[in-house]
Amino acid sequence: MGSVFIRHLQANRVGHCIVGCAFILWGIITIIRPCIVQVPTLLFWSNIITGILRPLIAAGMLAIYFEKARLELIHKEAQYRLLAENAIDIIYRYKVLPRARFEYVSPAVLSVTGYTPAEFYANAKLIFKLIHPNDLSLFSCYIANPFQRNDLPLTLRLIRKDGKVIWFEQKCVPVYDKSGNLEAVEGIIRDVTVRKELEQVVSRVECMNMVGEMAANVAHEIRNPMTTVRGYLQMLEKKQPCPACKERFAIMIEELDRANTIISEYLTLAKDKRADLKNCSLNRIVTSLFPLMQAHAAASNSHIELELTDVPELFLDENEIRQLILNLVHNGLEAMPEGGNLTIGTLHNRDVVTLSIRDQGHGIPGDIREKLGTPFLSTKDTGTGLGIPICFRIAHRHHAVIGIDTGTNGTTFTINFKLPGQFFREAQTVVNDPTSGNQQLIP
C-alpha cells in the first residue's frame, strides 16, 4: 500500500510521501513482529513506533484530503477563468469600498470599448468617461439606486476609443458588507449594437408599411378634389384677370402640383406594390440618366463624375431604380450648397453588385443618421422627408441592402444587389408559415 501511495498517487506531494513511508514502515514492523516477541526491548520499541505511525498516517491522510480539495479548487478556478476570459460579453467586478477600483475585467473589454483591461485597472473612472453624454443622466440615476439593479438590464450608449458609438446592455449584482454598505458590484456588459440596428430597421419597415396603408386609403380621395380645384383655377386663369390675380393663380396651381407630387411619393410607399423585375444593365440605367443629372448639378454649381466598371446584368425594375438614383443624387447635390463633385460608381465583387453615390457635403448629423429612413424626417425646409424612405422601400423590393458611410468629408450611399444566381438559390430555400399558410423566403 505504501508503494502505491508513493508511485501512483502523486509522490511529489508531502501528504502522499508521509503516508507512503508510514505504511511501508508499519508493514516492516508487522512482518518482523513475530520474531521479536521474545525480546522485550525490541517489542517495546515496536509498540512505540506503531503508536507514532498511526497518528502520522491519520495526519498524512488529512493532508492528502486537503491537497486534493486544493487541487480541485485550482482546477475549477482555471475553468471559470477560462470561461470568463473567452466570453464575448464583458465580465467585471468593481470594488466600491474602501477605494473605487476594478478588481477584474475580462479581456472582451478590448474588443467592445477599444481599451485594454490594464487601462481600466489604472483608471477606475474610465468607464464613466465613455458613457454617451445623452445617457449620463440615466446612468447616474442607475448608480444612485442600487436596489433597482436586479429588475431589468440597463441599455446605454458608449463611445469607443475610436469614436464609434455603440449600444451596450448591463446587468449587475450589488455586493454588500456586514454593515449593509455597498462593497462591490459584479456584472456583465453585452454589446447589443447589432440588435439595436435591427430594431431600427424593423421600426423603419413598420413605419413605411403604416404609411403605405394610409396612402392606399387616402391618396385617391385627396387627389379627386385637388384635380377639380386645379381645373377651375386654370379656367379662371385663362379669363385674363388682373395681373395680381394671375400671379396668385399661378402660385395656387404650383402649390397644388407640389401637393400632387407629395401624394405620388406617398403612394410609392404602398405596401402591396410589387417590383416588375427584368434583366437590366445597371450601367445603362446610370448612363441614360447622366444628362439629366448633369443638368441638375450644373444648376447647383456642382459636377457629376461616373466611375462605372464592368458589372453583370441584374433583375431590376428600371423605373424604380431610376427613381432611387435620382433621389440619392438630388439629396447629394442639396448636401453641397457651395458646389462640389458627386461621384456615381458601380463595382462587382463576387455575388454582389454595388452601386455607390458619394457627395462632398458636410455629412449627416448623428441624431438624423440613427433615424434615417423614417418617413417625413427631413432637415430641409422644402423637403417632404419621403425620398430616403422610398429608396429603402425600393431596395427592399429588390432584396438589396443600403449602406451609409458619412463624415465631415461627405456621405456615401451604397446599394448592394445580389446576382440573379444568388437570388434564385436563396429563393429556393422556402418554409411554410404555420400562422398564415403563406411562404416566406429565408434570407
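Two residues are in contact here when they have heavy atoms within 4.5 Å of each other.

**Figure 1. The whole chain, before we zoom in.** What you're looking at is a predicted model. The chain holds 14 helices and 14 strands. As for burial, 33% of its 443 residues count as buried.

**Figure 2. A close-up of aromatic rings, with Y92 and F102 in view.** Four aromatic pairs turn up in this structure. Take Y92 and F102: their ring centres are 6.4 Å apart and their planes sit at 75°, so this pair is edge-to-face. Y92 belongs to strand 1 (residues 90-95) and F102 to strand 2 (residues 101-105), so the pair ties together parts that are 10 residues apart in sequence. Are these two residues buried or exposed? Both Y92 and F102 are buried.

**Figure 3. Y115 meets F120, and the rings join up.** Here the ring centres of Y115 and F120 are 6.2 Å apart, with the planes at 80°, so this pair is edge-to-face. Y115 has a relative accessibility of 16% and so counts as buried, the cut-off being under 20%. F120 is buried too, with a relative accessible area of 2%.

**Figure 4. A lysine over a tryptophan ring.** This view is all about K196 and W167. K196 lies over the face of W167, at 4.7 Å from the ring centre.

**Figure 5. Helix 10 packs against helix 11.** Helix 10 covers residues 282-299 and helix 11 covers residues 318-334. Their axes are 10 Å apart, and the two helices pack at an angle of about 35°. The crossing of helix 10 and helix 11 is right-handed. On the helix 10 side, look for L282, R284, I285, V286, S288, L289, L292, M293, H296 and A297. They meet E318, I321, R322, I325, L326, V329 and L333 of helix 11. What kinds of residues make up this contact of helix 10 with helix 11? There are 12 nonpolar, two polar and three charged residues in it.

**Figure 6. Helix 11 again, this time with helix 13.** The axes of helix 11 and helix 13 come within 9 Å and cross at roughly 145°. This crossing of helix 11 with helix 13 is left-handed. From helix 11 come E320, I321, Q323, L324, N327, L328 and N331, which meet G387, I388, I390, C391, I394, A395 and R397 of helix 13. Sorted by class, the contact of helix 11 with helix 13 has eight nonpolar, four polar and two charged residues.

Figure 7. Why can we call helix 13 largely enclosed by the rest of the structure? Because 10 of the 11 residues of this helix (residues 387-397) are buried. The buried residues of helix 13 are G387, I388, P389, I390, C391, F392, R393, I394, A395 and R397.

Figure 8. Most residues other than glycine have a negative phi. H399, which follows helix 13, has a positive phi, near 55°. You'll find H399 in the loop between helix 13 and strand 11 (401-407). With a relative accessible area of 35%, H399 is partly exposed. R350 has a positive phi as well, near 60°. Its place is the loop between strand 9 (341-349) and strand 10 (352-358). Is R350 buried or exposed? R350 is exposed, with a relative accessible area of 73%.

**Figure 9. T412 and the residues around it.** T412 is part of strand 12 (residues 410-418). Its relative accessibility is 17%, so T412 counts as buried. Which residues does T412 touch, leaving aside its neighbours within four places in sequence? T412 is in contact with S356, I357, R358, G403, I404 and D405.

Notes: Residues are numbered from 1 along each chain as its sequence is written. This is a predicted model: local features need pLDDT of at least 70, side-chain atom pairs count only at pLDDT 80 or more; totals for chains, interfaces and linings use all residues. Side-chain values use heavy atoms; hydrogens and water are left out. Buried means under 20% relative accessible area, exposed over 50%, partly exposed in between (1.4 Å probe, protein chains only). Helices (H or I, at least four residues) and strands (E, at least two) are DSSP runs, numbered from the N terminus. Rings of Phe, Tyr and Trp (its six-membered ring) pair if their centres lie within 6.5 Å; planes under 30 degrees apart count as stacked, over 60 as edge-to-face and the rest as tilted. A charge sits over a ring if NZ of Lys or CZ of Arg is within 6 Å of the ring centre and within 35 degrees of the ring normal. Axes are lines fitted to C-alpha atoms, for helices over the stretch in contact, and angles run from 0 to 180 degrees between N-to-C directions. A crossing is left-handed if the near helix is turned anticlockwise from the far one by less than a right angle, and right-handed if clockwise. Ala, Val, Leu, Ile, Met, Phe, Trp, Tyr, Cys and Pro count as nonpolar, Asp, Glu, Lys and Arg as charged, and the others, Gly among them, as polar.
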